[in-house]
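Here is a brief report on one protein model.

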Amino acid sequence: MQHSPFRLLPLILLSFLLAGCAVRSVIPPEAILDTDVRSAVRAHLRHGDWVVSRGIHGADNVVATATNAPLSHAAIYDAENNLFIESESQGVHCTALDDFFAKSHRIMVLRPMWATPQVASAAVIRAREVIGKGYNFAVFVGLSQPERYYCTQLVMYAYEPYIKEQPENPIPRVLKPGQMYHWARIIYDSGP
């Protein structure tokens, strides 16, 4: 029985992505965010902000290449606990700011267009409620898995009850990290 190469393509791409999660950094350590950038990010962050980054690992290269964008990951900021809530291959979890910075070489702080102080608080609570849930690997083949989240799916899920979609600016079913600014205001960008 012969398989079409197109049927195997999603499996091959997923294998590369998963392998990228287990490899060493592809960006040299000196390219990681410096102290001034880290301070600037901290000064701009507010509860419920999205943080979109360009990571330093092989998987980040895969995402940036596959999406044709310079950004590869997204998280939501929990100011009450001074953490980022994010979804990576190990699932939805919290990451300390310095640990998140250590795996990034570009950071963009975005304030979702629906974020009032009350909505941002509710969105962070919603994100906290799914900590421990799995990663949605099926997104790479165009499918979805209930109770599993990829990075941008998590941050949009947090705001889902408050999203007012506009016909002229629809949110795609699979949202790329490099598209997040279309539904937010750019508060800070550390640059390329």
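The accessible surface of this protein comes to about 10000 Å². Carbon and sulfur atoms account for 56% of that area. The model is predicted. The protein has 192 residues, and 47% of them count as buried.

**Fold**

The secondary structure comprises 6 helices and 8 strands. Read from the N terminus, the order is α-α-β-α-β-β-β-α-β-α-β-β-α-β. Take the contacts between residues at least 6 apart in sequence: 71% of them join residues at least 24 apart.

**Cysteines**

How many disulfides does the structure hold? The count is 0. A disulfide would be a covalent bond between the sulfur atoms of two cysteines. Cysteine 94 has 32% relative accessibility, so it counts as partly exposed. Cysteine 151 is buried, as its relative accessible area is 7%.

**Second largest pocket**

The second largest pocket holds about 370 Å³ of space. Its lining has 18 residues, and those closest to the centre are Gln153, Met156, Glu160, Pro172 and Arg173. Which element gives the largest share of the lining? Helix H6, residues 151–159, does, with 4 residues. The lining divides by residue class as follows.

| Class in the lining of the second largest pocket | Count |
|---|---|
| Nonpolar | 11 residues |
| Polar | 4 residues |

Terms used
Residues numbered from 1 in each chain as written. Predicted model: local features only at pLDDT ≥ 70, side-chain atom pairs only at ≥ 80, totals over all residues. Heavy atoms only, no water. Disulfide = S-S within 2.5 Å. Buried < 20%, exposed > 50% of the residue type's maximum accessible area, 1.4 Å probe, protein only. Helix = DSSP H or I, 4+ residues; strand = E, 2+ residues; numbered from the N terminus. Contact = heavy atoms within 4.5 Å. Areas by Shrake-Rupley, 256 points an atom, 1.4 Å probe, with all protein chains shown as cover. 1 Å grid on protein atoms, 1.4 Å probe; cavity = no way out; pocket = protein on both sides within 12 Å on 5 of 7 lines; lining within 4 Å. Points joined across faces, edges and corners; volume = space filled by probe spheres on them. Nonpolar A, V, L, I, M, F, W, Y, C, P; charged D, E, K, R; others polar.
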